[in-house]
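Thank you for joining me; I would like to take you through some side-chain contacts. Please have a look at the sequence and the structure first.

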Amino acid sequence: MIGDMFLIALYAAMGAAGAGLLGAVALRALRKRSVAASLAVVAAVTVAAMLAGTLLVSWAMFLSDHDLWVVTMVCAMATVVSLVVALLLGRSVVKGSRELAEATRALGDDGSFIPPAAAPTAELAELSRQLAATSAKLAASRERERTLEASRRELVAWISHDLRTPLAGLQAMTEALEDGMVDDPRDYHARIRAEVGRMSAMVSDLFELSRIQAGVLALSPARMSVYDLVGDAIAGVDALAQEHGVQLVGDGVEPLPVEVDGREMSRVLANLLVNAIRRTPADGTVAVSAHREADRVVLSVTDGCGGIPPEDLPRVFDTGWRGTHARTPPAGAGLGLAIVRGIVEAHQGRAAVHNVPGGCRFEVHLPAAV
């Protein structure tokens, strides 16, 4: 009995192995053809393996011709049904693949992707979802690219204008000095020095912004107190505040520890304070505060500018943004707030702005030191 079982298993394995080997050869030959053909080969191999094993076992067991015919007919019917089902499935998969490929071509044309209504398999459905997500990311990336390109064009135009004006003034003053048409050269020397300082500041801002946008801003973070940072920043702009008749208030600053690059963060505070002082009318107040919110330290600078139009709030930190004429700096190029955002984000923080009664408040959110 055990011997018969062993022989049956051996003959069945030999028949299945032969059919599988032929199927592998067929699949290799059809590897560049449609998936429907491959599915048909797989179905045929399955039935052929069963038929070959059955015929070998039947031959070894000396079945009658009638019994052998019955077995063969059953396997033949199974073969037909299997091939029909495989071809139907293959056609469905091929149709779904072609629809998905047609929809994917739009990614290279207009960038939109409309997934097929229904996918024949879970894998194609998942691929369709992934392509839809990729299309959304590409659309957002293109929109950011268009926005950045528009900002660059505006920046180039504004910088060109801001540099042309002082250069024209410098040329006129130097020509007047050369021709001896100046009664007091010292006055012209002071004005030339002021114009050169303005242009130097613009070039410095451009260089800083280029480092930020290129991702090569090198930070040297160290643990320090927000109180010291704010105190140094206020001391640095005190003369400007007095010149504009603006009062600086820093009573709401808590001595909270942060780990930041002191030089770069001082530039952030200086930009915000100078911006606030220049927008605040005489006899106004610029208030600086710092407090902790959960795992963040929030630095805020509140001015008396009268507020920013709601439609301009999303663009305040954009490169080259200047806003309305009332908020246009006398010698700026719209880079200060873009630099603020870049430096803050390099510290894994976030810069924000919102209107308050009588003015607006700029906030810098930084990770609190452990």
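Let me begin with a term: a salt bridge here is a side-chain nitrogen of Lys or Arg within 4 Å of a carboxyl oxygen of Asp or Glu. What we are looking at is a predicted model, in which local features need pLDDT of at least 70 and side-chain atom pairs count only at pLDDT 80 or more, while totals for chains, interfaces and linings use all residues. Residues are numbered from 1 along each chain as its sequence is written, and side-chain values use heavy atoms, leaving out hydrogens and water.

By that rule there are 5 salt bridges, and one of them joins R186 to D184, with the closest N and O atoms 3.5 Å apart. As for accessibility (buried is under 20% relative accessible area, exposed over 50%, partly exposed in between, with a 1.4 Å probe and protein chains only), R186 is exposed at 66%, whereas D184 is partly exposed at 36%.

Another salt bridge links R191 and D187, at 3.8 Å from N to O, and both residues lie in helix 5, residues 185-213, 4 residues apart or about one turn of the helix.

Which residue meets R267 in a salt bridge? The partner is E208, at 3.6 Å from N to O; because R267 lies in helix 7 (residues 262-279) and E208 in helix 5, the pair ties together parts 59 residues apart in sequence. E208 itself is buried, with a relative accessible area of 2%.

Definitions and conventions: Helices (H or I, at least four residues) and strands (E, at least two) are DSSP runs, numbered from the N terminus.
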